[in-house]
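The sequence and the structure are shown first.

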Amino acid sequence: MKTLIKTSLIAMLGLASASLVHADIAQTYNKSCATCHDSGALNAPKKGDSATWQKLIQQKGQAALVKAAHDGKHQMPAMGLCQSCSDEDLANLIDYMSK
């Protein structure tokens with residue numbers, strides 16, 4: 001019984017942690033990416049345009065997209081206006097926008 005309770009608590013903490021990560025990514029997106037990626041300004045791929053994002057991911061690969069976000073590309077500034085983002089954060093933001 002103790003093992004079941006312990007396992008359940010660990011699972012609940014994992015779900016809570018995943019929700020916090022998702023909330024943080026959404027908040028970071030709204031502060032750093034939404035200006036262009038919500039509207040498609042300056043030819044930015046729109047958030048939620050899964051077909052376009054999947055095409056980019058297939059053609060260039062996730063690592064190349066993270067590098068482009070990190071270094072800047074065309075009109076997008078380096079780090080996409082998120083100077084505190086790690087490459088992992090940028091990858092999570094790309095994943096968030098692609099859905």
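## Basis and confidence

The model is predicted: local features need pLDDT of at least 70, side-chain atom pairs count only at pLDDT 80 or more, and totals for chains, interfaces and linings use all residues. Residues are numbered from 1 along each chain as its sequence is written, and side-chain values use heavy atoms, with hydrogens and water left out.

Among the elements, helix α1 (residues 2–32) has the lowest mean pLDDT, at 60, while helix α3 (residues 50–60) has the highest, at 97. Over residues 2–20 pLDDT stays under 50, and for this stretch the model has zero contacts beyond four places in sequence; a contact means heavy atoms within 4.5 Å. Where pLDDT is low, the predicted coordinates should not be read in detail.

## Overall make-up

The chain has five helices and zero strands, in the order α-α-α-α-α along the sequence. Helices (H or I, at least four residues) and strands (E, at least two) are DSSP runs, numbered from the N terminus.

Of the 99 residues in the chain, 27% are buried. Buried means under 20% relative accessible area, exposed over 50%, and partly exposed in between (1.4 Å probe, protein chains only). Among contacts with a separation of 6 or more, 50% join residues 24 or more positions apart.

## The pair α3 and α4

The axes of α3 and helix α4 (residues 62–71) come within 6 Å and cross at roughly 105 degrees. This makes α3 roughly perpendicular to α4. Axes are lines fitted to C-alpha atoms, for helices over the stretch in contact, and angles run from 0 to 180 degrees between N-to-C directions. Angles under 35 degrees count as roughly parallel, over 145 as roughly antiparallel, 65 to 115 as roughly perpendicular and the rest as oblique.

On the α3 side, Leu-56, Ile-57 and Lys-60 meet Gln-62, Ala-64 and Leu-65 of α4. By class, this contact has four nonpolar residues, one polar and one charged. Here Ala, Val, Leu, Ile, Met, Phe, Trp, Tyr, Cys and Pro count as nonpolar, Asp, Glu, Lys and Arg as charged, and the others, Gly among them, as polar.

## Two buried serines

Ser-98 lies in the segment after α5 (87–97) and is buried, with a relative accessible area of 3%. A polar atom of the Ser-98 side chain is 2.8 Å from the backbone oxygen of Asp-95. Leaving aside residues up to four places away in sequence, Ser-98 touches Ser-50, Trp-53, Gln-54 and Ile-57.

Ser-32 belongs to helix α1 and is buried as well, at a relative accessible area of 12%. With residues up to four places away in sequence not counted, Ser-32 touches Gly-80, Leu-81 and Cys-82. The C-alpha atoms of Ser-32 and Cys-85 are separated by 9.8 Å, and these residues are 53 residues apart along the chain.

## Two residues with positive phi

Most residues other than glycine have a negative phi. Asn-43, found in the loop between α2 (34–37) and α3, has a positive phi of about 65 degrees although it is not a glycine. Asn-43 counts as exposed, at 75% relative accessibility.

Leu-81 is found in the loop between α4 and α5. Though not a glycine, Leu-81 has a positive phi of about 70 degrees, and at 56% relative accessibility Leu-81 counts as exposed.

Technical notes. pLDDT is the predictor's confidence in each residue, from 0 to 100. A polar contact is a pair of N or O atoms within 3.5 Å; within protein, one must be able to donate a hydrogen and the other to accept it, and residues adjacent in sequence count only if both atoms are side-chain atoms.
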